[in-house]
Amino acid sequence: MKLGDIVNPDAAGWGKPLDGIRILSLEQMQALPWATQLLSRLGADVVKVEAPGTGDLGRTALPAMADPDGRAVGATFMRNNLNKRSLVIDLKDPRGRDLVLRLAPRFDVVAENFRAGAAERLGLAYADVAAAHDRVVYLSISGFGRAVPAGTPDSPYDGWPALASMVEAMSGAYEFKRPAGQAPIGSPMGGLGDIVTALFAVIGILTGLRQRDRTGRPQRVDVAMLDAMVAVLDVVPNFWSMGSPMGTPWAGILHGFAADDGWFMLQVLRAHQWPDLARAIERPEWVDDPRFATPQGWLDHLDSDIRPAIEGWAKGRTKLEACAALNAAGLVAGPCATDTEVVGDQHLAQRHMLVEHPRPDGVAQPVLIPGIPIKFGEVSEGPDRRVPWLDEHTDAVLRDELGLSDNEVDQLRVAGVIGSTAP
């Protein structure tokens, strides 16, 4: 799918679910930008507030391409900023803060993911924005939370910065299946902590809008990255409380096996699956073998008997062929895909899950950005607009939203309150 394409064009006349919702987002890097890009692709109008100079720190993340002015546009930024407009304001200047407070009533949602305490120092915390906009939905994303009930003791993490890898570690994710004697592997799934947080932020915004419309009152939505990771890694406290702490091997088969061209994953955790596996790998005598009477028995004999048998059966098959045969036998197996295989996956192409973003710096290979995973029967998908270049929409937003004259905009730019610096 190419940038600007429309999927299901017959439904375009119905519009998008979030048409008319407007979001002013003081954002950078990944958690909040990921959330707002998803909302923008569902129809919301998102204006992204960036700092002078480099703008969103995600613009300088590597790998990167160059925009038409030679500025870096990093992979993090490319993934998270389709369809947005870039508004560059110096929030440390009181005049910049006042511009944001004047803009706030024009938007349904004001969102921020500053470091702890920064919104208060800038005069852009919930109380400041709600005073200017009494129906605002105000979203904060932080490592450990902003809004706590009065009288709550200080958190031991107050003031800590947070990146995805830190909250992933603190949630138990890195210890959950760490091999004994080996160090944890950081960021095994990229920015998982960011994206999980972003999904909860989207839910928070949508339900905050619903509550605002129901009550007529402003809503403060607070999403902490550590909370989000603990919520999705519920198996850690759940298993611990039931006497199965981290490090306890799961009884059964949940392992990778080798085929001719790579690895595939197989999950066999229930007793009724064992006969299907035994017959599928041509070991029918194992159905009644007492060694394999329980899932714990499968785990005990995994390396001595079961792995050699499965990999012997898989020899001469590709990982896709092995998985197809196992799935046809009523089991659950999937190939471990390389990056090249993901990019070339026919299923993902049919689902429009890779969007080609052209590069303006002369490189022919387009940047691939994930498509939207939410599909509707009567909502078209796309057309997406390219990511905004830094400062691209500052003048137009201030003129259109606040009615500033060309002279007023020019004066703010000369004073350094708005606009980017040279690359």
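**Salt bridges in a predicted model**

Q: How many salt bridges does a search of the whole structure find?
A: The search finds 30 salt bridges. A salt bridge here is a side-chain nitrogen of Lys or Arg within 4 Å of a carboxyl oxygen of Asp or Glu. This is a predicted model, where local features need pLDDT of at least 70, side-chain atom pairs count only at pLDDT 80 or more, and totals for chains, interfaces and linings use all residues. Residues are numbered from 1 along each chain as its sequence is written, and side-chain values use heavy atoms, with hydrogens and water left out.

Q: Which residue pairs with R22?
A: D45, with the closest N and O atoms 3.2 Å apart. R22 is in strand β1 (residues 22-26) and D45 in strand β2 (residues 45-50), so the bridge ties together parts 23 residues apart in sequence. Strands (E, at least two residues) and helices (H or I, at least four) are DSSP runs, numbered from the N terminus.

Q: Is R22 buried or exposed?
A: R22 counts as buried, at 17% relative accessibility. D45 is partly exposed at 24%. Buried means under 20% relative accessible area, exposed over 50%, partly exposed in between (1.4 Å probe, protein chains only).

Q: New topic: what does E341 meet in a salt bridge?
A: K319, at 2.8 Å, N to O. E341 sits in helix α15 (residues 339-343) and K319 in helix α14 (residues 319-328), 22 residues apart. E341 is partly exposed at 33%, while K319 is buried at 4%.

Q: Which residues do shared partners join into one network?
A: R22, D45, R85, R106 and E401.
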